[in-house]
Amino acid sequence: MNAPTNPPPKSRESSEDRKAAIAAAARALIVEKGFEGLRTRDIAERVGINIATLHYHVPTKEALIALVADDIRAELREQSDGKGREHLSPAAQLECEFDDYAELLGEKVALLTALSELLERSRRDPVMLGCVGPMMGKWKRMIEEILARGVASGDFRADLDPDPAARMLVGAMTGFSRSPNATPENFKRLRAELTRAVRNPNLTTLPTQGPRP
């Protein structure tokens with residue numbers, strides 16, 4: 001009886017390490033070539049494994065997409081975790097969301113590029129949509145909750161409808177990331193317009209450091 005060509009990994013840790021390497025390689029290739037140019041053979045070569053081993057860890061296209069999406073989601077979560085925003089005013093919390101996006105444009109542009117590629121593909125690929133849709137939905141709901149609290153506190157316009165306003169903000173930022181002029185400086189201009197679109201026009205200044213007295 002022949003031994004299997006691909007024995008299970010010796011431990012959970014080694015399996016998780018290998019998946020992390022596959023996700024990192026796939027993300028790098030997506031940034032370099034776009035999702036349309038992603039090839040499993042290139043991923044295997046970059047990780048230093050054969051195709052059979054790659055297929056052991058990610059046996060289908062769906063599994064590969066899910067792995068990459070989970071890797072992006074984990075890095076985005078790490079970006080925002082532990083920043084202690086609960087005590088801030090809704091206006092300040094919204095500014096933090098803009099700050100996080102500005103950080104992606106500046107220091108984490110490869111992450112933003114990979115995410116943008118997945119979002120673009122999800123418009124015509126149900127499998128991709130199933131992987132990235134929940135992540136984007138969570139972000140939209142988070143901003144919607146901030147806006148709703150801001151309407152109640154007076155930070156934002158009294159007539160603001162949080163649901164479509166959140167869609168507008170998320171759509172503006174995700175669309176901006178696919179623009180050829182998606183620079184940090186141009187985002188400052190977009191950010192200013194988005195802030196003006198939701199702020200309470202009766203406020204002379206917009207709170208940014210914490211709850212208003």
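In the predicted model, the contact of helix 6 with helix 7 brings L115, L118, L119, R121 and S122 of helix 6 against M128, L129, V132, M135 and M136 of helix 7, where contact means heavy atoms within 4.5 Å. The residues of this contact comprise 8 nonpolar, 1 polar and 1 charged; Ala, Val, Leu, Ile, Met, Phe, Trp, Tyr, Cys and Pro count as nonpolar, Asp, Glu, Lys and Arg as charged, and the others, Gly among them, as polar. The axes of helix 6 (residues 109-122) and helix 7 (residues 126-153) come within 9 Å and cross at roughly 120°, which makes helix 6 oblique to helix 7. Axes are lines fitted to C-alpha atoms, for helices over the stretch in contact, and angles run from 0 to 180 degrees between N-to-C directions; those under 35 degrees count as roughly parallel, over 145 as roughly antiparallel, 65 to 115 as roughly perpendicular, and the rest as oblique. The crossing of helix 6 past helix 7 is left-handed, a term used if the near helix is turned anticlockwise from the far one by less than a right angle.

Residues are numbered from 1 along each chain as its sequence is written. Because the model is predicted, local features need pLDDT of at least 70 and side-chain atom pairs count only at pLDDT 80 or more, whereas totals for chains, interfaces and linings use all residues, and side-chain values use heavy atoms, with hydrogens and water left out.

Helix 6 also packs against helix 5 (residues 90-106), at an angle of about 100° and with the axes 5 Å apart, and the two helices are therefore roughly perpendicular to each other. In this pair, Y101, L104, L105 and G106 of helix 5 meet V109, L111 and L112 of helix 6, and the residues of the contact divide into 6 nonpolar, 1 polar and no charged.

For helix 8 (162-177) and helix 9 (184-198), the axes come within 11 Å and cross at roughly 170°, and the helices are therefore roughly antiparallel to each other. M168, L169, A172, M173 and F176 of helix 8 meet N186, F187, L190, L194, A197 and V198 of helix 9, a contact made up of 10 nonpolar residues, 1 polar and no charged.

The C-alpha atoms of S177 and T113 are separated by 7.5 Å, although the residues lie 64 apart along the chain. T183, in the loop between helix 8 and helix 9, counts as partly exposed at 33% relative accessibility; buried means under 20% relative accessible area, exposed over 50%, and partly exposed in between (1.4 Å probe, protein chains only).

Buried residues make up 40% of the 213 residues, and among contacts between residues at least 6 apart in sequence, 68% join residues at least 24 apart. The protein exposes about 11900 Å², of which carbon and sulfur atoms supply 53%, with accessible areas taken from the Shrake-Rupley method with a 1.4 Å probe.

Note on methods:
Helix = DSSP H or I, 4+ residues; strand = E, 2+ residues; numbered from the N terminus.
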